[in-house]
Amino acid sequence: CSDQSSPQAYVLNAAGTHDCAGRSVEIDARHAEITLDGQCLMVTVRGVGNTISIKSAGTVFIDGPSNIL
């Protein structure tokens, strides 16, 4: 459901609640409901039709149609 591509990048492709733990997060999912807890350095949302809740983020980039933040 997730893997770490580097010590500070966390890649998500599944719905659920995830802890940023001070890392940057990349979301690459389709029609998923994702909640990010903790402090996120940067959040990048790719994919289609995702509903994302973010507790705290320094920067957010959205790339893809019908994503809701």
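H31 counts as exposed, at 59% relative accessibility, where exposed means over 50% relative accessible area, buried under 20% and partly exposed in between, with a 1.4 Å probe and protein chains only. H31 is found in the loop between β4 and β5, and although H31 is not a glycine, its phi is positive at about 55°. A21 is another residue other than glycine with a positive phi, near 55°; its place is in the loop between β3 and β4, and at 52% relative accessibility A21 also counts as exposed.

This is a predicted model, in which local features need pLDDT of at least 70 and side-chain atom pairs count only at pLDDT 80 or more, while totals for chains, interfaces and linings use all residues. Residues are numbered from 1 along each chain as its sequence is written, and side-chain values use heavy atoms, with hydrogens and water left out.

The chain has 0 helices and 6 strands, where helices (H or I, at least four residues) and strands (E, at least two) are DSSP runs numbered from the N terminus. Along the sequence the pattern reads β-β-β-β-β-β. Of the 69 residues in the chain, 32% are buried.

A search of the whole structure finds 1 disulfide, defined as a pair of cysteine sulfur atoms within 2.5 Å. C20 and C40 form this link, with their sulfur atoms 1.7 Å apart. C20 lies in the loop between β3 (16–19) and β4 whereas C40 lies in strand β5, so the pair ties together parts that are 20 residues apart in sequence. The link of C20 and C40 is right-handed, with 60° about the S-S bond, and both cysteines, C20 and C40, are buried.

The count of salt bridges comes to 1, the rule being a side-chain nitrogen of Lys or Arg within 4 Å of a carboxyl oxygen of Asp or Glu. The side chains of E26 and R46 form this salt bridge, at 3.4 Å from N to O. The pair links distant parts of the chain, with E26 in strand β4 (residues 24–30) and R46 in strand β5 (residues 33–48), 20 residues apart.

| Residue | Relative accessible area | Class |
|---|---|---|
| E26 | 31% | partly exposed |
| R46 | 35% | partly exposed |
| I54 | 25% | partly exposed |

I54 lies in strand β6 (residues 51–63). Leaving aside neighbours within four places in sequence, I54 is in contact (heavy atoms within 4.5 Å) with L36, C40, V43, V60 and L69. C40, one of these contacts of I54, is also a partner in the disulfide with C20.

R23 lies over the face of Y10, at 4.2 Å from the ring centre; a charge sits over a ring if NZ of Lys or CZ of Arg is within 6 Å of the ring centre and within 35 degrees of the ring normal.
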